[in-house]
Amino acid sequence: MKILVVDDMDSNLGVLTLLIEEWFDDHDIDEDKYEIDLASNGQIALDKVKENGYTIMFLDIMMPIMDGFESLKKIREIKSKEDIKVVMVTALADRDTKVRTKKLGANAYVTKPVDFDMVNAMLDRYVVPEMLLEKSDDFEGFDNFDDFDNFDDFDDFDEFEDTQSIEQKDIMDNFNKSHKKLSAVDFLEDYPDLEYILEDLSDLGDDIHYITEYLDSETLENNLENISNILGQYARFLNTFIDFFELSSSLMMIDELILKIDLSNMESKDVEFVTGFLKAILQDLENWKNHVFIEKDAVDVFYINASSLNSCLQLEAFIKERS
């Protein structure tokens with residue numbers, strides 16, 4: 001059993017990987033019975049699909065080099081909807097995007113922040129039948145699985161969204177509607193005093209490098225204050241720009257949450273996930289700063305912002321659910 005997860009953000013890859021692993025763990029399926037591959041853009045995903053037989057793939061839309069639309073189109077030229085189930089995962093929650101991905105051959109569609117129950121439902125829908133075909137003793141508990149008779153793959157998954165995920169999706173929807181595509185060069189024309197603005201972040205690079213390189217679940221508690229300081233400084237920096245208000249507010253929320261979090265009440269795998277997610281968010285923020293303000297090569301400032309915002313919302317939901 002092979003599963004492919006495709007996204008250009010480490011934090012998003014981490015979320016889906018954890019949820020998939022939890023699904024198999026909840027069904028008492030050994031780790032050696034499945035394999036999760038990762039890809040950071042559509043071209044890598046396409047190459048992997050050509051070389052491997054995947055049961056299901058979770059495919060982001062907005063990615064560099066080759067986006068999810070183009071990747072899906074090319075995948076469907078070589079693999080049918082029966083050969084590989086493709087679930088689109090994206091912050092683009094408009095109806096036109098949903099219709100377009102369906103026409104291109106997607107099996108299903110889920111918007112970010114990813115709802116945990118929805119991912120479980122998709123694995124139930126697409127992975128369980130493959131398990132039954134294998135006729136293995138490991139999967140005998142699925143013999144009478146018929147929950148998805150007369151199920152519309154594209155629309156009926158909406159029933160799995162809870163109130164919290166709907167509120168988070170509303171935030172992303174409002175963000176997507178209120179911002180237009182803008183390159184870093186064009187965006188920075190309005191900020192001539194850039195060096196002065198960047199001073200507050202000048203000393204954070206080494207701290208972020210250390211955390212992303214060496215932090216683990218055992219040392220997380222001792223480093224929460226340092227992580228909080230970094231998030232706080234980024235939040236204050238972003239608050240300088242009215243266009244980044246949503247991300248600034250979300251970072252402040254994460255900052256408050258991690259200072260109150262009681263790691264002793266969380267399972268070890270959840271602590272590992274929070275650790276990995278915080279590392280990914282910090283790395284994403286550092287990359288965001290470099291591409292927008294240092295290298296100035298970002299072709300879409302607000303897409304990068306939307307991805308980081310989504311990551312913060314995802315972590316916020318996870319901490320509130322698990323702590």
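Begin at the largest cavity, which has a volume of about 40 Å³. A cavity here is a set of points, on a 1 Å grid over the protein atoms alone, where a 1.4 Å probe fits but cannot get out; a pocket is an open set with protein on both sides within 12 Å along at least five of seven lines; and lining residues have an atom within 4 Å of a point. Grid points are joined across faces, edges and corners, and a volume is the space filled by probe spheres set on the points. This is a predicted model, in which local features need pLDDT of at least 70 and side-chain atom pairs count only at pLDDT 80 or more, while totals for chains, interfaces and linings use all residues. Residues are numbered from 1 along each chain as its sequence is written, and side-chain values use heavy atoms, with hydrogens and water left out.

Select Asp7, Asn12, Val15, Leu16, Val89, Lys112, Val114, Asn310 and Gln314 to show the lining of the largest cavity. Helices are DSSP runs (H or I, at least four residues), numbered from the N terminus. H1 provides the largest share, 3 residues.

Next, go to the second largest pocket, which holds about 360 Å³ of space. Of its 18 lining residues, select Thr17, Leu18, Glu21, Lys269 and Glu272, which lie nearest the centre. Then colour helix H1 (10–26) and helix H12 (268–294), each of which supplies at least two residues of the lining. H1 has the largest share here, with 9 residues.

Stay on H1 and pick threonine 17, which is in that helix. Is threonine 17 buried or exposed? Threonine 17 counts as buried because its relative accessibility is 16%, buried meaning under 20% relative accessible area with a 1.4 Å probe and protein chains only. Its side chain reaches the backbone oxygen of leucine 13 at 2.8 Å. Leaving out residues up to four places away in sequence, threonine 17 touches Ile36 and Leu38 (contact means heavy atoms within 4.5 Å).

For the last stop, select isoleucine 227 in helix H10 (residues 220–238). Isoleucine 227 is at 0% relative accessibility and therefore counts as buried. Show Ile211, Leu215, Leu220, Ile258, Leu278 and Leu282, which isoleucine 227 touches when residues up to four places away in sequence are not counted. Finally, draw a distance from the C-alpha atom of isoleucine 227 to that of aspartate 255: the separation is 8.1 Å, with the two residues 28 apart along the chain.

Conventions
Buried < 20%, exposed > 50% of the residue type's maximum accessible area, 1.4 Å probe, protein only. Polar contact = N/O pair within 3.5 Å; in protein donor to acceptor, adjacent residues only side chain to side chain.
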